[in-house]
Amino acid sequence: MALFYQKGIISDMSEVQSGTSLSGREWQRMSLILEIPGFQGSIYKMAFQVSGEKIDEVSLFNRGDKVQVGFSVYAREWNG
C-alpha cells in the first residue's frame with residue numbers, strides 16, 4: 001500500500017471523542033481539516049480522522065499550524 005503526503009495548514013480540529021463499542025472495547029477519535037493551496041490561488045480542504053495512540057501526537061498541534069500529513073488510501077469493492 002502506498003503512502004501519500006500532503007502539506008497544508010490546519011483549519012479546524014475537533015475535540016477528542018471517545019466511547020465503548022458493543023464488544024466492550026474503548027475507542028477514541030479526533031478529526032481535523034487541512035487547507036491545501038491549489039491551482040491559481042484556490043484552496044482545497046481535506047478531512048482526516050485520527051484514532052488510537054496517534055491522537056496524542058496530533059493533539060500537540062493547533063489551528064493555523066503548518067503540517068505535513070502522511071496517509072494511505074485503501075478501497076475495496078462494495079455491493080458488487
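**Strands, pocket and side-chain pairs**

Modeller: Strands β3 and β4 are paired antiparallel, with 9 bridges between them. Please keep in mind throughout that this is a predicted model.

Biologist: In the pairing of β3 and β4, which residue of β4 does S31 stand opposite?

Modeller: β3 and β4 run antiparallel and are joined over 9 bridges, and they also make a hairpin with 5 residues between the strands, where Q40 has a positive phi near 50 degrees. Within β4, the residue standing opposite S31 is Q49.

Biologist: Which residue of β3 stands opposite I9?

Modeller: Strand β1 pairs with β3, residues 26-37, in the antiparallel sense, and this pairing has 4 bridges. In β3, the residue opposite I9 is E35.

Biologist: Which residue meets D12 in a salt bridge?

Modeller: The whole structure holds 3 salt bridges, and in one of them the N to O distance is 2.8 Å. D12 lies in strand β1 and its partner in the loop between α1 and β5, so the pair ties together parts that are 51 residues apart in sequence. D12 counts as partly exposed, because its relative accessibility of 36% lies between the 20% and 50% limits. The partner, exposed at 52%, is R63.

Biologist: How far apart are N and O in the salt bridge of E57 and K54?

Modeller: Both E57 and K54 belong to helix α1, where they are 3 residues apart, about one turn of the helix. E57 is partly exposed at 44% relative accessibility, and K54 is partly exposed at 43%. Their side chains meet with an N to O distance of 3.8 Å.

Biologist: Which element supplies the largest share of the lining of the largest pocket?

Modeller: The largest pocket has a volume of about 380 Å³, and of its 14 lining residues the closest to the centre are V50, K54, V58, V69 and G70. By class, the lining has 9 nonpolar, 3 polar and 2 charged residues. At least two lining residues come from each of β4, α1 and β5, and the largest share, 5 residues, comes from β5.

Biologist: What is the angle between the planes of F4 and F71?

Modeller: The structure holds 2 aromatic pairs, and F4 and F71 form one that is tilted, at 6.0 Å centre to centre. The pair links distant parts of the chain, with F4 in strand β1 and F71 in strand β5, 67 residues apart. Ring pairs also link F4, F48 and F71 into a cluster. Between the planes of F4 and F71, the angle is 35 degrees.

Terms used
Residues numbered from 1 in each chain as written. Predicted model: local features only at pLDDT ≥ 70, side-chain atom pairs only at ≥ 80, totals over all residues. Heavy atoms only, no water. 1 Å grid on protein atoms, 1.4 Å probe; cavity = no way out; pocket = protein on both sides within 12 Å on 5 of 7 lines; lining within 4 Å. Points joined across faces, edges and corners; volume = space filled by probe spheres on them. Nonpolar A, V, L, I, M, F, W, Y, C, P; charged D, E, K, R; others polar. Phe/Tyr/Trp six-rings, centres within 6.5 Å; stacked < 30°, edge-to-face > 60°. Pairing = 2+ DSSP bridges. Salt bridge = Lys/Arg side-chain N within 4 Å of Asp/Glu carboxyl O. Buried < 20%, exposed > 50% of the residue type's maximum accessible area, 1.4 Å probe, protein only.
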